[in-house]
Amino acid sequence: METTNMKNFQQHFDAYIKQVVETSNPLVINAENPDHSVVLMSKRDFDANEETMYLLSNSALMGRIRRGDAQVAAGKTTRHQLRNPGT
């Protein structure tokens with residue numbers, strides 16, 4: 001993860017925003033007080049992270065996912081032909 005300081009971030013704001021969005025690599029912006037440092041990430045990556053955290057925090061859903069994974073690992077799957085919605 002790349003890091004920079006606040007002054008450098010301010011001077012190169014547009015370039016850092018473009019870099020973070022295009023590479024999906026977060027940027028740590030260090031402040032003099034470490035408690036005031038921040039991490040910059042794209043909205044797309046933030047949304048994906050929030051969804052992942054929601055899924056991981058939902059124990060009922062995670063149980064269903066684990067059961068499905070176990071079924072796939074045990075070969076207990078069936079292939080289905082998908083239909084076209086208009087037919």
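## Fold and local detail of an 87-residue predicted model

The protein has a radius of gyration of 21 Å, whereas a compact globule of 87 residues would have one near 12 Å. That radius is taken over C-alpha atoms, and the globule rule is 2.2 Å times the number of residues to the power 0.38. This is a predicted model, in which local features need pLDDT of at least 70, side-chain atom pairs count only at pLDDT 80 or more, and totals for chains, interfaces and linings use all residues. Residues are numbered from 1 along each chain as its sequence is written, and side-chain values use heavy atoms, with hydrogens and water left out.

**Overall layout**

The C-alpha trace spans about 55 × 35 × 20 Å along its principal axes. The protein holds 4 helices and 3 strands. Their order along the sequence is β-α-α-β-β-α-α. Helices (H or I, at least four residues) and strands (E, at least two) are DSSP runs, numbered from the N terminus.

Buried residues are 13% of the 87. Buried means under 20% relative accessible area, exposed means over 50%, and partly exposed lies in between (1.4 Å probe, protein chains only).

Contact means heavy atoms within 4.5 Å. Of the contacts with a separation of 6 or more, 30% join residues 24 or more positions apart.

Charges number 10 positive and 10 negative side chains, and the centres of the two sets lie 17 Å apart. Lys and Arg count as positive, Asp and Glu as negative; His and the chain ends are not counted. Each charge is placed at NZ of Lys, CZ of Arg, CG of Asp or CD of Glu.

**The core**

The largest nonpolar core has 5 residues: Phe 9, Tyr 16, Val 20, Leu 27 and Ile 29. Helix α2 (13-23) and strand β2 (27-30) are the elements that give two or more residues to this core. Such a core is a set of buried Ala, Val, Leu, Ile, Met, Phe, Trp, Tyr and Cys residues joined through side-chain atoms within 4.5 Å.

Ile 29 sits in strand β2. It counts as buried because its relative accessibility is 3%. Leaving out residues up to four places away in sequence, Ile 29 touches Thr 4, Asn 5, Met 6, Phe 9, Ser 37, Val 38 and Leu 40. With the same exclusion, Val 20 touches Asn 25, Leu 27, Leu 40, Met 41 and Ser 42.

Ser 24 lies in the loop between α2 and β2. Its relative accessible area is 29%, so Ser 24 is partly exposed. Beyond four places in sequence, Ser 24 touches Gln 19, Arg 44 and Asp 45. Phi of Ser 24 is positive, near 60 degrees. Most residues other than glycine have a negative phi.

Arg 66 belongs to helix α4 (residues 59-73). Arg 66 is exposed because its relative accessible area is 53%.

**C-alpha distances**

| Pair | Apart in sequence | C-alpha distance |
|---|---|---|
| Ile 29 and Asn 5 | 24 residues | 5.3 Å |
| Ser 24 and Arg 64 | 40 residues | 30 Å |
| Arg 66 and Arg 83 | 17 residues | 27 Å |
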